[in-house]
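This report goes through selected local features of one protein model. The sequence and structure are shown first, and the description follows.

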Amino acid sequence: MKITINDIAEMAGVSISTVSRVLNNSKPVKEEVRKRVIEAIKQTNYRHSALASDVNKSESCLIGVIIPLYIHTVLDEFIIGIKNVANFYGYDVLITQTDGTIESELQHLQLFRKLQIHGIIFTGTPIHKKHVDMIESTPCIAIGQISSLPSIPSVHVDNIMAAYEAVTSLIHKGHRNIAMIRGTGISAVGEERFIGYRQALKDAGITMRKDWVAESGFSVEEGMSAMDSIAAAGSLPTAVFCSTDLMALGAMNYLLDNGLRIPEDVSVFGFDGTYMSTIVRPRLSTVEYSDTEIGMTAARNLFKMIKGATDIPQHTNVTHYVAIRDSTH
């Protein structure tokens, strides 16, 4: 059954005009109401087919989205948000998946150039001069990193502050021996969330143990392997903070497989607020934020750039929440 804007309004308990304001960010909406509308959109995978009044319907309207090929990550919800706003403005979305390397990303940008797309939303490696040269004057928004380039604004969660708050919550519970499973490389997941972890320890007067920091890829299996390397350091930490929920699930699996209790023996904290964090037992403490809202915000800013706006914020953070559940005490 086709989902309409009326259905979204009914699910969220709001008017149709309120749903439109959330999609278009045209007028202020109360935070609680906005969250209800976004949740309804996410649950129904709603696609708005209406064309904006200022779009030339005879023109081919296309934006391109570049994402890395990671399985079971938050990227699906990013795409939901992007498509909702794009369809509202009458644009189609071309989504391409890379292998996570600059070379692969440049190939996809070359394709976008040939197709003469109107704008780009980029989720990938830290933006390099090679990316900028290929993007040229095409409007572009980065997701998942803080861009320092005036020509490429960015949208994401405040990774450093969110990680800082998560680790500080563990410290307030009495933990002093806190490990971290961090993402690889200099990505936001690898670097920014590690910076927040390290700063929280420093501010609490806790010395960071390098052998309690392990890098991991984006799978449960790699999270298990990272937890194994931390355990091999000798004494176990009393808590482990993980850059993603999937890494945290891997850490939990390792601990349970080795006869340890969560949180009695080791507390586990994730990041991303994925659906899995709510159904695993014990329920995972995590940093929650709306991936759908990130996608919607990025798309709205992109369309403003396409229309020639020059007042786009250099970086936009979406709201995050530290959700304390059963995996920590």
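## Terms and basis

Buried means under 20% relative accessible area, exposed means over 50%, and partly exposed lies in between, with a 1.4 Å probe and protein chains only. Helices (H or I, at least four residues) and strands (E, at least two) are DSSP runs, numbered from the N terminus.

This is a predicted model, in which local features need pLDDT of at least 70 and side-chain atom pairs count only at pLDDT 80 or more, while totals for chains, interfaces and linings use all residues. Residues are numbered from 1 along each chain as its sequence is written, and side-chain values use heavy atoms, with hydrogens and water left out.

## Helix 12

Gly308, with a positive phi near 100 degrees, follows the helix.

## Salt bridges

A salt bridge is counted when a side-chain nitrogen of Lys or Arg is within 4 Å of a carboxyl oxygen of Asp or Glu. The structure has 11 of them. One joins Glu293 to Arg34, with 2.8 Å between the closest N and O atoms. Glu293 belongs to helix 12 and Arg34 to helix 3 (residues 31-44), so this pair ties together parts that are 259 residues apart in sequence. Both Glu293 and Arg34 are buried. A network of salt bridges links Glu31, Arg34 and Glu293.

Asp272 and Arg193 also meet through their side chains in a salt bridge, at 3.4 Å from N to O. This pair links distant parts of the chain, 79 residues apart: Asp272 is in the loop between strand 9 and helix 11, and Arg193 is in helix 8 (residues 188-203). Arg193 is buried, at 1% relative accessible area, and Asp272 counts as buried at 8%. A further salt bridge joins Arg209 and Asp211, whose closest N and O atoms are 2.9 Å apart. Arg209 is partly exposed at 29% relative accessibility, and Asp211 is partly exposed at 37%.

Strand 1 (residues 62-68) is mostly covered, with seven of its seven residues buried. Leu62, Gly64, Ile66 and Pro68 point one way from the strand, while Ile63, Val65 and Ile67 point the other way.

Two strands pair if DSSP finds at least two bridges between them. Strand 1 pairs with strand 2 (residues 92-98) in the parallel sense over seven bridges, and Ile67 stands opposite Gln97 of strand 2. Strand 1 also pairs in the parallel sense with strand 3 (residues 119-122), over four bridges. In that pairing Val65 stands opposite Ile121.

## Ser154

Ser154 lies in strand 5 (residues 154-157) and is buried, with a relative accessible area of 1%. Its side chain makes a polar contact of 2.6 Å with the side chain of His315. A polar contact is a pair of N or O atoms within 3.5 Å; within protein, one must be able to donate a hydrogen and the other to accept it, and residues adjacent in sequence count only if both atoms are side-chain atoms.

Leaving out residues up to four places away in sequence, Ser154 touches Ile141, Ala142, Gln145, Ile146, Ser147, Gln314, His315 and Thr316.

## Backbone geometry

Two cis peptide bonds can be described. One joins Ile262 and Pro263, with omega about 10 degrees; Pro263 is in the loop between helix 10 (245-257) and strand 9 (267-269). Another joins Arg281 and Pro282, with omega about 0 degrees, and Pro282 is in the loop between helix 11 (276-279) and strand 10 (286-289).

Glu136 is not a glycine but has a positive phi of about 55 degrees. Glu136 sits in the loop between helix 6 (129-135) and strand 4 (140-143) and is exposed, at 55% relative accessible area. Asp272, also not a glycine, has a positive phi of about 130 degrees.

## Cysteines

A disulfide is a pair of cysteine sulfur atoms within 2.5 Å, and by this rule the count is zero. The sulfur of Cys140 is 18 Å from the closest cysteine sulfur, that of Cys61, which is too far for a bond. Cys140 is buried, with a relative accessible area of 0%, and Cys242 is buried, also at 0%.

Definitions and conventions
Contact = heavy atoms within 4.5 Å.
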